Amino acid sequence: MTRHDLKLTPLAELRANVAQPFERATAMPKSVYTSPDFAALEEQHIFAAEWLCAGRADALPNPGDYLTMEISGEPIIILRDRDGTLRGLSNVCRHRMSTLLEGRGNTRAIVCPYHAWTYNLDGTLRGAPAMTLNEGFCKDQIALPKVRVETWLGWIMVTLNPDAAPPAEVLMDVENLVGYLDMGNYVEAFREEFHWNTNWKVLAENFMESYHLPVCHHDTIGGTVDLLKMTCPEGFPAFNYHYIVKNDSLPLTLAHPSNTTLVGEERRITWLLSVYPALLITLTPGYFWYLCLTPDGPGKVRVLFGGGLAPDWAADPEAPAHFAALKALLDDVNVEDKGCVERVYRGLCAQMSVPGALSHLERPNFEFATYIAGKMP
């Protein structure tokens, strides 16, 4: 078991950590990754309170299309209703509290697999077998609780918090920064899920910095990175970012040849956006890929991994071949990242490990730690 500072709680350790100026910053204390109590605080004050991402809206194009997710222990359904509106509903039956749907699919109605109570796509109860003799039962008064869902730049954003400001307001600076790429019209080409043995913050931090690329990704993309030419600007309260100006080695990284809207370096900048708490986006003029993270206790994380193409590349007859090569590369990069972040978590749990000083290329990690500390009571 990892050794903590027994004089301080994990939150007190974290606050002491981020009280230092960035020029003297160190990695977050081990306890904020390994403590079950701190993981519970994150679920309550971050994941149950913030906007989380369920993927791309074009993943649910038709009435009845649905996907399921879990937010801080709450099973949730996201679906497209008969009017084409995205809805969020509790995924728990109002009878004996069985969960209702699993995974993804299409359905004409939501039918409980336990006693066949059946709900319309707006969550109202359509039918319940053998309930006529219960004098207190009134079908018209029963419905699945609603969950807030909004579409933001093509993303499905979900929150349990009825008072959360809209994503367009919270994330206005994202649109100001990368709005010229029209991310809302990018087309999803794949969506996968996996489960890794690490803390969710380790994976988030891994995405936030490109300092690790030359070593962790030596066999794939590491050779395209020059650490001396990399900058990490100061981020914003709701997200951090950095960017890389790409060369011509991967066509999909660049604006499509027919694109006359993007000019100069706009045609070749790759953005890496870390939208707090757990949406990680790589956005280029030609393609995007993303991770959405869901904690599963201190030492495991559920990962939604997806990506696709800018509209002009999606319409290009050669795009499938280009994208197949890109997807193969991304799969290899993921395997490398999995090894890196699982090794970090094993190291965090070691007796003799201690957090080290951060490089100037890890500014986003320090800002992420500051964000987490600021969300705690």
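**Exercise 1. Determine which residue of β14 is the bridge partner of Ser-274, and describe the strands involved.**

Solution. In β14, Ser-274 has Leu-280 as its bridge partner. Strands here are DSSP runs of E with at least two residues, helices are runs of H or I with at least four residues, and both are numbered from the N terminus. The model is predicted, so local features need pLDDT of at least 70 and side-chain atom pairs count only at pLDDT 80 or more, while totals for chains, interfaces and linings use all residues. Residues are numbered from 1 along each chain as its sequence is written, and side-chain values use heavy atoms, with hydrogens and water left out.

Step 1. Strand β14 covers residues 279–283 and pairs with β13 in the antiparallel sense over 5 bridges; two strands pair if DSSP finds at least two bridges between them.

Step 2. The two strands β13 and β14 form a hairpin, with 3 residues between them.

Step 3. β13 also pairs with β12, in the antiparallel sense and over 7 bridges. Within β13, Trp-271 is the bridge partner of Tyr-243.

**Exercise 2. State how many residues of β13 (residues 269–275) are buried, and on which sides.**

Solution. Step 1. Buried means under 20% relative accessible area, exposed over 50%, and partly exposed in between (1.4 Å probe, protein chains only).

Step 2. By this criterion, 7 of the 7 residues of β13 are buried.

Step 3. One side carries Ile-269, Trp-271, Leu-273 and Val-275, and the other carries Thr-270, Leu-272 and Ser-274; both faces are covered.

**Exercise 3. Explain why α10 is described as largely enclosed, and identify what its buried residues pack against.**

Solution. Step 1. Helix α10 comprises 13 residues, 363–375. From first C-alpha to last it reaches 19 Å, close to the 18 Å expected at 1.5 Å a residue; the expected span is 1.5 Å times one less than the number of residues.

Step 2. Because 10 of its 13 residues are buried, α10 is largely enclosed by the rest of the structure. Among these buried residues are Phe-366, Phe-368 and Tyr-371.

Step 3. The buried residues pack against α1 (10–18), α3 (36–47), α6 (200–208) and β12 (239–245).

**Exercise 4. Classify Thr-118 as buried or exposed, and locate its strand.**

Solution. Step 1. Thr-118 lies in strand β7 (residues 118–119).

Step 2. Thr-118 counts as buried because its relative accessibility is 15%.

Step 3. An open sheet of 3 strands has the order β6-β7-β8, with antiparallel pairing. Its edge strands, β6 (110–111) and β8 (125–127), each pair on one side only.

Note on methods. Contact = heavy atoms within 4.5 Å.
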